[in-house]
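Could you walk me through this structure in the viewer? Tell me what to select at each stop, and what to look for once it is on screen.

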Amino acid sequence: MAVEETLVLVKPDGVARNLTGEILRRIEAKGYSLVDLRMVEPDRELLAAHYAEHEGKPFYEPLVEFMLSGPVVAIRVAGNRVIEGFRSLAGTTDPTTAAPGTIRGDFGRDWGLKVQQNLVHGSDSPESASRELALWFA
Ligand code: RTP
Ligand code: MG
């Protein structure tokens, strides 16, 4: 068994489009457990820490502006191999090519903006998960 925790974020586009319930439903239907959940209006400081690895990339500033555009739902999710498992539920970063059946594949589309508004975030490793959970559930 490799019971893990991951940070899932329903990004501002997912909240605004009333997809939070659908995303929670998919997480629970897969068998993962919701451990904690909060609605957050992140500030720049939190987003700079969360996205530190992307600082300097062309999409960094549009990404931060997008994440400041409305409330975000932060969820602590637990389960066996949940880090990898949630990223599989989410689909690949670009919603145009994300597989149908995934959150991004089913509900995302390319809005022609400077950043992919792709509905959800999921931690990408155990190290990222513990770092990000400490930030969002301080
Ligand atoms: P996430 O961190 O949100 O779970 O997504 P990810 O691992 O699939 O993607 P990552 O490479 O970590 O990028 C973080 C977020 O930045 C936005 N992005 N837009 N060229 C683009 O338009 C672009 N590239 C990245 C997305 O919101 C992506 O999820
Ligand atoms: Mg990422």
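Which strand does H121 lie in? Select H121 and you land in strand β4. Keep in mind throughout that this is a predicted model. The UniProt annotation "active site", from an unreviewed entry, covers H121. Is H121 buried or exposed? H121 is buried, because 23 other C-beta atoms lie within 10 Å and 20 or more is the cut-off. Show its contacts next: leaving aside neighbours within four places in sequence, H121 is in contact with V8, L9 and K11.

**Zoom out**

Now show the whole chain as a cartoon. The C-alpha atoms fill a box of roughly 40 × 35 × 25 Å along the principal axes. A compact globule of 138 residues would have a radius of gyration near 14 Å, and the chain agrees, with 14 Å. Of the 138 residues, 33% count as buried. Take the contacts between residues at least 6 apart in sequence: 70% of them join residues at least 24 apart.

If you colour by confidence, the chain averages a pLDDT of 97, and 99% of the residues score at least 70.

**Into the core**

Select V8, L9, I27, A74, V77, F86 and V120. These are the residues with the most contacts inside the largest nonpolar core, which has 25 residues. The elements giving two or more residues to this core are β1, α2, α4 (60-67), β3, α5 and α7. In soluble globular proteins, nonpolar side chains tend to be buried together.

Stay on V8 for a moment. Neighbours within four places in sequence aside, V8 is in contact with I27, I75, V77, F86, V120, H121 and G122. So which residue links back to your starting point? H121, whose contacts include V8.

**Along helix α5**

Next, select residues 82-90, which form helix α5. Which of its residues are buried? They are V82, I83, F86, L89 and A90. Look down the axis of α5: the buried residues fall within an arc of 125°, so they line one face of the helix. An α-helix has 3.6 residues a turn, so residues three or four places apart point the same way.

G85 counts as partly exposed, because it has 19 C-beta neighbours inside 10 Å. Not counting residues up to four places away in sequence, G85 touches K30, Y32 and G79. Then step to G91, which follows α5 and has a positive phi, near 90°.

Most residues other than glycine have a negative phi. Two stops here go the other way. Select N18, in the loop between α1 (12-16) and α2; its phi is positive, near 60°. N18 counts as exposed, because it has 8 C-beta neighbours inside 10 Å.

Then go to L119, in the loop between α6 and β4. L119 is not a glycine either, yet it has a positive phi of about 75°. Is L119 buried or exposed? L119 is buried, with 27 other C-beta atoms within 10 Å.

How values were computed. Residues are numbered from 1 along each chain as its sequence is written. Chains are lettered from A and ligands numbered from 1 in the order in which they are written. This is a predicted model: local features need pLDDT of at least 70, side-chain atom pairs count only at pLDDT 80 or more; totals for chains, interfaces and linings use all residues. The radius of gyration is taken over C-alpha atoms; the globule rule is 2.2 Å times the number of residues to the power 0.38. A residue is buried if 20 or more other C-beta atoms lie within 10 Å of its own, exposed if 12 or fewer, and partly exposed in between; C-beta atoms are placed from the backbone. Two residues are in contact if their C-beta atoms, placed from the backbone, lie within 7 Å. Helices (H or I, at least four residues) and strands (E, at least two) are DSSP runs, numbered from the N terminus. The arc is that of the directions from the helix axis to the C-beta atoms. A nonpolar core is a set of buried Ala, Val, Leu, Ile, Met, Phe, Trp, Tyr and Cys residues joined through C-beta atoms within 7 Å. UniProt positions are given in the numbering used here, feature names are shortened, and annotations may be inferred rather than shown by experiment. pLDDT is the predictor's confidence in each residue, from 0 to 100.
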